[in-house]
Amino acid sequence: MPWIILVDLRENNGHFVNIEDKHGNIAQFETEQDAREVMRDHSLNVFPCYAISVDDDEISYL
């Protein structure tokens, strides 16, 4: 089941954004752990981030 990452930029007068792949598409990850690893070094990790399962009703705070 693929996972996507949603970043909450509302506290910075923004909105929610998805992490994108190198082609500008919404990045998808095989597991929640893969999503966690990507966000560990991402510049947007200072904001609240969530991993969301595309197929199931699962959401995890990163």
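**A walk through the fold, starting at a tyrosine**

Let's begin on the outside: tyrosine 61 counts as exposed, at 54% relative accessibility. Keep in mind that this is a predicted model. Tyrosine 61 has a partner, tyrosine 50, and the two form an edge-to-face aromatic pair, with 5.5 Å from centre to centre and 70° between the planes. Tyrosine 50 is partly exposed, with a relative accessible area of 24%.

Now step back to the whole chain. You'll find 1 helix and 4 strands, and reading along the sequence gives the pattern β-β-α-β-β. The radius of gyration is 11 Å, which agrees with the value near 11 Å for a compact globule of 62 residues. Of the contacts with a separation of 6 or more, 54% are between residues 24 or more positions apart.

Next, head inside, where 29% of the 62 residues are buried. The largest nonpolar core has 13 residues, and among those touching the most other members are Ile5, Phe29, Ala35 and Met39. Strand E1 (3-8), helix H1 (32-40) and strand E3 (49-53) each supply at least two residues of this core, with E1 giving the largest share, 3 residues. What does alanine 35 touch, leaving aside its neighbours within four places in sequence? Alanine 35 is in contact with Ile5, Phe29, Ala51 and Leu62.

Terms used. Residues are numbered from 1 along each chain as its sequence is written. This is a predicted model: local features need pLDDT of at least 70, side-chain atom pairs count only at pLDDT 80 or more; totals for chains, interfaces and linings use all residues. Side-chain values use heavy atoms; hydrogens and water are left out. A nonpolar core is a set of buried Ala, Val, Leu, Ile, Met, Phe, Trp, Tyr and Cys residues joined through side-chain atoms within 4.5 Å. Buried means under 20% relative accessible area, exposed over 50%, partly exposed in between (1.4 Å probe, protein chains only). Contact means heavy atoms within 4.5 Å. Rings of Phe, Tyr and Trp (its six-membered ring) pair if their centres lie within 6.5 Å; planes under 30 degrees apart count as stacked, over 60 as edge-to-face and the rest as tilted. The radius of gyration is taken over C-alpha atoms; the globule rule is 2.2 Å times the number of residues to the power 0.38.
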